[in-house]
Amino acid sequence: MEKELSKRIIDELLTYLYSHEITDIRIGITFTEEGFFIEIQGETEIQPDDLTDFAELMNHPRDPSMDIYYQELLGNPCHDREDYHLLGSLIDDVEVMYDQPVLNIKVFRSPS
């Protein structure tokens, strides 16, 4: 289940980057006993104007009791703020950093 969820999380993060015309992208994922870590980096000369809002939505506290429900809602082809709020509800920790020209997003999720 965690591998399938990691694919969905990566898809949502890619959608965010693509929506800002960021296409020079690197993705790393590591599975450990503690959970999985995703790091996604993209290059852009200009920081996305909604990056602070995105980071706040992604930092929404995880609600394990709603995991299955939220997973079902991910993957909608039309994205808005609520999708990133849902994504934040499925992860334990996120770091969003921009150091021109690199946008770096690190995600951690412990097992269900």
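Predicted model: local features only at pLDDT ≥ 70, side-chain atom pairs only at ≥ 80, totals over all residues.
Biologist: In what order do the elements of the protein run from the N terminus on?
Modeller: The protein holds four helices and four strands. Read from the N terminus, these elements follow the order α-β-β-α-α-α-β-β.

Biologist: What share of the contacts with a separation of 6 or more comes from residues 24 or more positions apart?
Modeller: The protein has 112 residues, of which 38% count as buried. Among contacts with a separation of 6 or more, the share from residues 24 or more positions apart is 66%.

Biologist: Which strands stand at the edges of the sheet?
Modeller: The sheet is open and is formed by four strands in antiparallel pairing, ordered β1-β2-β4-β3. Two of these strands have a single partner each, so one side of each is left without a neighbour in the sheet. The edge strands are therefore β1 (25-32) and β3 (93-99).

Biologist: What is the average twist from one strand to the next?
Modeller: The value refers to the open sheet of four strands. From one strand to the next, the twist averages 10°.

Biologist: How many bridges join strand β2 to strand β4?
Modeller: Strands β2 (residues 35-43) and β4 (residues 102-109) run antiparallel. Ile-40 stands opposite Ile-105 in β4. The number of bridges joining β2 to β4 is eight.

Biologist: Is Val-102 buried or exposed, or does it fall in between?
Modeller: Val-102 has its place in strand β4. Leaving aside neighbours within four places in sequence, Val-102 is in contact with Gln-41, Gly-42, Glu-43 and Met-97. The C-alpha atoms of Val-102 and Gln-41 are separated by 6.6 Å, although the two residues are 61 residues apart along the chain. With 24% relative accessibility, which is not under the 20% required for burial, Val-102 counts as partly exposed.

Biologist: At about what angle does α2 run to β3?
Modeller: Helix α2 lies across both β3 and β4. Relative to β3, the helix α2 runs at about 165°.

Biologist: Which residue with a positive phi follows α1?
Modeller: Helix α1 has 18 residues and reaches 26 Å from its first C-alpha to its last, close to the expected 26 Å. Its buried residues include Leu-5, Ile-9, Leu-13 and Tyr-16. An α-helix has 3.6 residues a turn, so residues three or four places apart point the same way. The residue that follows α1 with a positive phi, near 60°, is Glu-21.

Biologist: Why is the pair of Tyr-16 and Tyr-84 given its class, and what is that class?
Modeller: The pair is one of five aromatic pairs found in a search of the whole structure. The ring centres of Tyr-16 and Tyr-84 are 5.7 Å apart and the planes meet at 90°, so the pair is edge-to-face.

Biologist: How many residues apart in sequence are the parts that the pair of Tyr-16 and Tyr-84 ties together?
Modeller: Tyr-16 counts as buried at 1% relative accessibility, and Tyr-84 counts as buried at 8%. Tyr-16 lies in helix α1 (residues 2-19) and Tyr-84 in helix α4 (residues 81-88), so the pair ties together parts whose separation in sequence is 68 residues.

Biologist: Which residues do ring pairs link into a cluster?
Modeller: Phe-54 and Tyr-84 also form an edge-to-face pair, 5.1 Å centre to centre with 80° between the planes. This pair links Phe-54 in helix α2 (residues 51-58) to Tyr-84 in helix α4, 30 residues apart. Phe-54 and Tyr-84 are both buried. The cluster linked by ring pairs holds Tyr-16, Phe-54 and Tyr-84.

Technical notes. Residues numbered from 1 in each chain as written. Heavy atoms only, no water. Phe/Tyr/Trp six-rings, centres within 6.5 Å; stacked < 30°, edge-to-face > 60°. Helix = DSSP H or I, 4+ residues; strand = E, 2+ residues; numbered from the N terminus. Buried < 20%, exposed > 50% of the residue type's maximum accessible area, 1.4 Å probe, protein only. Pairing = 2+ DSSP bridges. Axes fitted to C-alpha atoms, helices over the stretch in contact; angles between N-to-C directions. Contact = heavy atoms within 4.5 Å. Expected span 1.5 Å × (residues − 1).
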